[in-house]
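Please look at the sequence and the model below before reading on. The paragraphs that follow start with the chain as a whole and then turn to its parts.

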Amino acid sequence: MNTDNNKAWFLILYLLSVALQCWLMLRYPLFADEAFYWLEGQHLAWSYAEVPGWTPWLAWFSTFLPDGSFFVRLPHSLAAWLIPWAGIAISRRLLPQVSAWQTGLMLLSLPLLMLTGILAIPDIWLILISLLCILTTVLAIQTGNSRYFLWLGLCVAIGINIHIRFWLLLFVATIVTLFFFRHDKPFIRRCLSLTLPMALIGLVPVLLFNFDHEFPLLQFQLKDRHPWSFQIQHLIFFPLQILLITPLVFILMLRIMKTGFQHQQPLIRWALVIAVAHWLLYALLGFFADGLRFNLHWGLISYTLILTLTCVLHARSGWILLTALSGWLVSLAGGLLLMHWQQQPMAGSLLEKRITEHASGWQQLAKHTENLLQPGQTLIADQFITASQLAYALNKPKDIRVLPHPANNKHGRQQQIEIMGLHYTSDTTDGLVVIEQSALKLEQQAEYYQQMCALTGGLKLIGHMEIRGIKKYDFFNIEAGACDVPTLFYLDVKDDMVSGWVITDKETFDNLNLVVNVTEQPIANLQPMRLQETPFLRSLQPQRYNMLGFKIPRSNFDDNALFRLCINKKDKTIELSPVFF
């Protein structure tokens, strides 16, 4: 296959990739982090408590574009669409005699790179800026031109403001570069006199903000979010990486590394060492660092850098194309699967729930909330996820308040909420409160509702909403002296028995039935249980709340049965999905 065919295949797959990403950008709702970055962007600052400023700044810039998730994501997708071209440019500078289009093909083969490219999050800019740093360094070394040293400094300055993960890459790249070019004194002098001063400009916004607020960025990113204790479960990271980048692409990367480390061109070995050292750093830190959040994409920078060196292979073009197609088809399947999941009325697998839970049903929630919100009422959300999605959907970036919540602290957003002036204060006496019950662990729920009653002065339950069996929301009006706890439903499905319990208000409770798939059936042998026997329920008042337990033989249901609770109250009937331990 000649160079023209490589170019033709690249352009075909590239245009199809851009079309797929545009479709997903239009159709897929904003994820929680995307919405929160948008909310931060409406409160412009030098930097922010959990991230530097770049991503919120771009979110602010998107407000000058038409409304919609497509335009919030557009600045990030533009970066994604530039990545293959940056890789092609690197290949052409390193080995001009080799077809650089093969590099472009391979950069279209990473499924996570394709899907990350539709999201308004820092990762895609981290990858592009990392490639531009490699490219400008290569140009600086090959030409000695001062402007490339300045461009390198500018790229580093931007990278510093994208995410603290770039700082780790910068640390690795600096050590590797000083080792490889320790004898090239003119290069080192120009880096110190031109690149370094330009790069240090990038630290100014971060330092200005963090000095004023006692360095929350470092506190969260380097301390609070990590257990810093050994986690054996991180071993799953390694086989999952092979699946995420697809097996054929993984094999090709191994061949690139084998050939690249033996290559006579020092710049190729230099770029490869940076990529591998960066990956090893994350692979080792993963045994001690944050394992709660999705972090499988953190190796994308390394994979992208390795694939820019596809030019070192003397492989048949047909094999390169087959490898690229294998990864690209997985990207296509992933995008179609996302849309299929989003259109389903109920979530199925645990994987589907995990991936779609923070992008499900925000339009429905916003519409329901808007219908309940009375003139003059303050909209009050339980946590940053609910607040940012409602603020975006209802265009209330400064007219919403946020309650204290475990998720705000877990994700490092509580201080940023306070800095933006969006935290709830007790002087708000007329408010609509939206609380996601499903965001709380079962043992947190009863206590959290009562804590919020005490904080607000009283909560009167006025409604309930459930989305795709994933999310459950309760709606309250602030009302002095009231303290309503919504119905709590726990279910435990074992080999031979389905058991659980329900807590509901005695005053409004009539009867309840278990809905299995679509069939409603009464629950026989409901047994009263004592609230005081369950530690995290002791704060509930026995004179007001019923706790009823039940056990049903597992043989009554098929293996894929979907359980829901139908509660018949005096004024209405509602259905609830269970909480599982």
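Of the contacts in the chain with a separation of 6 or more, 74% are between residues 24 or more positions apart; a contact means heavy atoms within 4.5 Å. This is a predicted model, in which local features need pLDDT of at least 70 and side-chain atom pairs count only at pLDDT 80 or more, while totals for chains, interfaces and linings use all residues. Residues are numbered from 1 along each chain as its sequence is written, and side-chain values use heavy atoms, with hydrogens and water left out.

The chain has 23 helices and 13 strands. Helices (H or I, at least four residues) and strands (E, at least two) are DSSP runs, numbered from the N terminus. The radius of gyration is 27 Å, close to the 25 Å that the globule rule gives for 581 residues, so the chain is as compact as a globular protein of that length. That radius is taken over C-alpha atoms, and the globule rule is 2.2 Å times the number of residues to the power 0.38. Along its principal axes, the C-alpha trace spans about 80 × 55 × 45 Å.

How much of the chain is buried? Buried residues make up 56% of the 581 residues, where buried means under 20% relative accessible area (1.4 Å probe, protein chains only). Helix α16 (residues 300-307) has eight of its eight residues buried, so it is largely enclosed by the rest of the structure. Among these buried residues are Leu300, Tyr303 and Leu307.

Another pair of helices shows how two elements pack. Helix α2 (residues 32-41) and helix α3 (residues 54-62) have axes 7 Å apart and an angle of about 75 degrees between them. Axes are lines fitted to C-alpha atoms, for helices over the stretch in contact, and angles run from 0 to 180 degrees between N-to-C directions. α2 and α3 are therefore roughly perpendicular to each other, a term that covers 65 to 115 degrees. Tyr37, Trp38, Glu40 and Gly41 in α2 meet Thr55, Pro56, Ala59 and Trp60 in α3.

Next come the sheets. Five strands form an open sheet with mixed pairing, in the order β2-β1-β3-β5-β4; two strands pair if DSSP finds at least two bridges between them. Its edge strands, β2 (400-402) and β4 (459-467), each pair on one side only. On average, neighbouring strands of this sheet are turned by 25 degrees against each other, direction ignored. Strand β1 (residues 378-381) runs parallel to strand β3 (residues 431-436), and four bridges join them. Isoleucine 380 stands opposite valine 433 in β3. Helix α19 (residues 362-372) packs on the sheet and touches β1, β3, β4 and β5 (471-478), with a direction at about 15 degrees to that of β5. Helix α20 (residues 384-394) also packs on the sheet, touching β1, β2, β3 and β5, and its direction makes about 175 degrees with that of β2.

Four strands form another open sheet, in the order β6-β7-β11-β10, with antiparallel pairing. Here the edge strands are β6 (488-493) and β10 (527-528), each pairing on one side only. A hairpin joins β6 to β7 through three residues. Six bridges link β6 with strand β7 (residues 497-505), and aspartate 492 stands opposite serine 499 in β7. β10 pairs with strand β11 (residues 545-553) over two bridges, and glutamine 527 has glycine 549 in β11 as its bridge partner.

Terms used:
Angles under 35 degrees count as roughly parallel, over 145 as roughly antiparallel, 65 to 115 as roughly perpendicular and the rest as oblique. Buried means under 20% relative accessible area, exposed over 50%, partly exposed in between (1.4 Å probe, protein chains only).
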